[in-house]
Protein chains: 2
Amino acid sequence: MRNEVTPVRHGTMRARNLAVVLGEISRRQPVSRARLADVTGFTKTTVSSLVAALKDAGLIREDGPVRDGERGRPATAVSINGDRVAGLGLEVNVDYLAACVLDLGRRIRHRHIVAADNRGRAPEQVIGALTDLAERAIAAAADQGLTVAGAVVALPGTLDRAGGRVRTAPNLGWRDVAAGDLLAAGLPPLALPADQDNEANLAALGELWFGDGRELGSYVHVSGEIGVGAGIVVDGRVFRGAHGFAGELGHVVVDPAGPPCACGGRGCLEQVAGQEAILRAAGIPDVTGTSTAGPDGPLAALIALLRDGDEAALAAVRRAGEALGQALSAAVNLFDPDGIVLGGIFSALAPWASPAVEEALGGGTGVVRHTPPRLTVSRLGGDAAALGAAALVIERVMTDPARLLTEAPVRPRER
Amino acid sequence: MRNEVTPVRHGTMRARNLAVVLGEISRRQPVSRARLADVTGFTKTTVSSLVAALKDAGLIREDGPVRDGERGRPATAVSINGDRVAGLGLEVNVDYLAACVLDLGRRIRHRHIVAADNRGRAPEQVIGALTDLAERAIAAAADQGLTVAGAVVALPGTLDRAGGRVRTAPNLGWRDVAAGDLLAAGLPPLALPADQDNEANLAALGELWFGDGRELGSYVHVSGEIGVGAGIVVDGRVFRGAHGFAGELGHVVVDPAGPPCACGGRGCLEQVAGQEAILRAAGIPDVTGTSTAGPDGPLAALIALLRDGDEAALAAVRRAGEALGQALSAAVNLFDPDGIVLGGIFSALAPWASPAVEEALGGGTGVVRHTPPRLTVSRLGGDAAALGAAALVIERVMTDPARLLTEAPVRPRER
DNA sequence: TCATTTCGTTCAGGCTCTGGACTAATTAAA
DNA sequence: TTTAATTAGTCCAGAGCCTGAACGAAATGA
């Protein structure tokens with residue numbers, strides 16, 4: 001039982017309260033100090049002091065005085081300053097690299113995707129190319145007067161986040177790679193340490209910030225690419241499970257009598273709804289090695305077939321949708337989300353797949369819910385995970401702004 | 001996005017730090033103040049002050065001086081005082097009521113189960129009987145010098161925990177019942193407000209405190225009774241999902257072509273592995289209304305058949321195990337737990353069901369894990385949820401001991 | 001013009017943690 | 001036996017941060 005209850009000192013108190021005020025400013029901007037005092041329960045004195053510290057750090061900006069038609073002295077509103085601090089999101093995927101810069105006001109300031117076949121390339125090489133992308137992004141941010149406070153990399157594999165290592169990324173052919181360190185070595189030092197996270201989790205976070213997730217709060221984001229993964233967001237937070245490997249939707253069993261899977265099971269979802277399985281069932285030749293996402297890739301070919309009404313392709317996608325719906329119904333019963341968001345290849349296949357998904361979901365959604373969860377299709381591009389990665393940086397700044405104003409917070413204890 | 005970041009004042013700081021010290025005492029008892037200072041990072045001064053407050057509240061006790069053979073002045077150790085504060089756990093189930101008293105040292109001081117057919121009885125009547133049980137438990141606690149700090153009720157249904165109401169408890173025939181209020185009205189005022197929680201969640205918590213959960217940390221606890229539910233514990237905490245309805249294992253689809261279910265789906269786990277489905281498949285006559293748990297109940301009859309090697313019974317239970325294993329493999333892939341604990345009726349059926357469960361689990365456990373999660377069988381009795389309910393009270397005292405020493409903490413703010 | 005209202009700052013005060021000094025109690029060495 | 005060293009716990013001044021009342025500032029309305 002690891003009941004993480006950490007000591008609180010004055011510094012911790014201050015840090016949390018800075019986050020409280022910054023959060024309320026973000027939620028209600030433009031907002032006066034008086035209103036902040038009202039909303040947080042702090043005294044006006046305290047709010048003024050906290051606001052001053054945030055302003056000194058460049059995180060917020062003081063707008064001119066505003067009158068609401070009320071009487072009394074007009075307030076001077078403060079709001080988030082989007083022109084100083086930014087977060088860098090990076091993504092390594094099988095057939096592309098992506099970078100994006102997000103400012104504190106949640107505006108995307110830079111976005112860059114480069115096609116690259118990363119299958120089997122040496123990790124050092126891939127991270128080297130990513131570092132170039134990152135440097136260009138930092139330069140682009142600097143041109144706009146922005147300082148990049150931190151970076152997060154999205155990786156398609158299972159990670160040891162605490163140790164900062166990629167354990168396995170089967171589709172890249174990686175095994176035990178210290179991706180974070182490699183990246184950090186190539187970048188200028190940032191205020192926050194470089195971090196890494198699973199591509200599925202970050203794509204879900206991207207959806208939370210820039211897609212349908214904003215209205216949902218709790219949802220399961222399906223990020224099917226080569227494998228089928230899911231990012232689970234509960235009440236606005238990414239749910240990672242005990243070891244950070246939650247959401248392995250691809251290996252949920254949808255047919256116990258189905259074909260064996262590399263994972264040791266039988267009839268895993270990935271065997272039916274994974275990209276390769278769909279392509280195979282649709283009769284599209286195996287083209288491992290070519291970029292799947294491009295206009296000449298097999299995915300485009302599949303969509304062309306679907307548009308033409310090709311029977312085999314339609315059946316393959318319908319079958320994938322059924323299986324996906326079945327696996328998702330398990331996720332719905334176990335997590336009780338407000339919605340499901342189809343991302344990855346499924347956003348492109350949605351017109352043909354989602355009726356089957358919807359049908360499977362509409363049925364077995366438990367006695368508890370009156371309505372099945374809302375099924376929506378992601379409108380984010382392929383770099384959803386890069387967006388989410390940048391969002392994670394900004395989220396960190398928002399939840400612990402103190403790290404940007406102190407030099408070295410004391411973090412004692414050794415067990 | 002509800003990023004619950006609450007203001008911290010001096011009082012909050014103190015309260016959290018009391019919890020920090022109390023937690024470390026619980027983990028390392030008996031332990032000296034000096035060691036506590038070391039472990040928490042507080043100064044000796046602060047530790048002494050916090051320890052004094054906890055001692056005043058009667059939560060900890062000062063043992064005599066201890067020498068470890070080291071040199072220097074011997075320390076005076078402190079440890080949890082199990083003789084002052086206790087938690088009351090209550091449980092309403094279909095065919096019994098239960099109460100139990102747990103002291104702060106996690107010792108069970110009182111345990112009482114009463115058979116009662118609660119199906120269709122008026123909620124007021126049931127809660128009235130439960131109140132009697134609670135009063136007797138409080139008296140038993142008082143006889144041992146214990147003060148009951150709070151009570152939690154386990155209920156078999158879906159709850160609105162914030163509003164303190166039972167939304168539906170299908171097996172009891174309840175709908176929109178303010179069980180907590182009814183109970184609180186009949187009890188003497190307690191330091192902590194009476195609370196309620198789902199039976200599956202609390203049974204899982206009971207397993208965490210008194211069963212195999214102690215070593216696991218993260219696990220899925222199956223609590224099959226009439227329905228099939230699951231309590232999910234992630235890193236020592238009960239995972240409730242966004243609305244508190246997580247873990248509806250019974251309506252995970254295990255056979256899309258299976259029989260329709262009351263929930264609107266088809267082939268839900270409950271249709272195969274629910275108690276009634278198993279009994280029916282085993283050829284045991286429907287005996288709704290009689291107590292299932294008793295020695296004359298249908299469950300005992302089923303077990304007798306299994307012992308005799310009855311083919312139909314064995315097949316029914318094997319089939320239930322397969323289906324349960326399939327549903328659990330979905331849970332394993334989605335939550336990545338360290339283990340699975342079979343509780344409820346499945347703990348009694350485990351000798352016959354668990355091979356099939358194990359087989360289904362051994363296969364589809366994802367690429368991530370090297371080994372399938374450990375499958376264990378609960379050794380707790382039928383009142384696991386009552387134990388968990390009492391544990392929840394103690395957990396609350398441990399995580400916020402300040403509530404037992406202040407009269408009315410100021411909790412401002414109105415949005 | 002003046003009372004009223006609301007905003008934000010100032011300043012004294014209180015709560016809680018910090019850190020060094022000090023006393024207490026024991027072991028190891030002289 | 002005495003003395004030095006070591007460790008435990010308390011005392012007290014001090015610092016960080018929030019509180020609360022008082023106050024000046026800037027508007028509206030009579």
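Modeller: Here are some questions and answers about the structure shown above.

Modeller: This is a predicted model, in which local features need pLDDT of at least 70, side-chain atom pairs count only at pLDDT 80 or more, and totals for chains, interfaces and linings use all residues. Residues are numbered from 1 along each chain as its sequence is written, while chains are lettered from A and ligands numbered from 1 in the order in which they are written.

Biologist: Why does S354(A) count as buried?

Modeller: A residue is buried if 20 or more other C-beta atoms lie within 10 Å of its own, exposed if 12 or fewer, and partly exposed in between, with C-beta atoms placed from the backbone. S354(A) has 22 C-beta neighbours inside 10 Å, so S354(A) counts as buried.

Biologist: Where is S354(A) found, and what does S354(A) touch?

Modeller: S354(A) is in helix 12 of chain A, residues 345-363. Helices (H or I, at least four residues) and strands (E, at least two) are DSSP runs, numbered from the N terminus. Leaving out residues up to four places away in sequence, S354(A) touches G321(A), L342(A), L375(A) and V377(A); contact means that two C-beta atoms, placed from the backbone, lie within 7 Å.

Biologist: What makes strand 8 and strand 9 of chain B a pair?

Modeller: Two strands pair if DSSP finds at least two bridges between them. Strand 8 (residues 158-160) and strand 9 (residues 165-169) of chain B have three bridges, in the antiparallel sense. One bridge partner of L159(B) in strand 9 of chain B is V166(B). The two strands form a hairpin with four residues between them, and G164(B) in the turn has a positive phi of about 70 degrees.

Biologist: How does strand 9 of chain B pair with strand 10 of chain B?

Modeller: Strand 9 and strand 10 (residues 174-177) of chain B pair over three bridges in the antiparallel sense, and T168(B) stands opposite R175(B). This hairpin has four residues between its strands, with G173(B) in the turn at a positive phi of about 80 degrees.

Biologist: How do you know that the span of helix 1 of chain B is close to the expected one?

Modeller: The expected span is 1.5 Å times one less than the number of residues. Helix 1 of chain B has 19 residues and reaches 27 Å from its first C-alpha to its last, close to the expected 27 Å. Its buried residues include A15(B), L18(B) and V21(B), and the buried residues of this helix pack against elements including helix 13 (384-399) of chain B.

Biologist: Which residues come nearest to DNA strand C?

Modeller: Of the 29 residues around DNA strand C, the nearest are S48(A), G72(A), R73(A), R71(B) and R73(B). A residue is near a strand if its C-beta atom, placed from the backbone, lies within 6 Å of it. Helix 1 of chain B gives the most to this surface, with five residues.

Biologist: How do the residues of the surface near DNA strand C divide?

Modeller: There are six nonpolar, 13 polar and 10 charged residues. Ala, Val, Leu, Ile, Met, Phe, Trp, Tyr, Cys and Pro count as nonpolar, Asp, Glu, Lys and Arg as charged, and the others, Gly among them, as polar.

Biologist: Which element gives the largest share of the surface near DNA strand D?

Modeller: Helix 1 of chain A does, with five residues.
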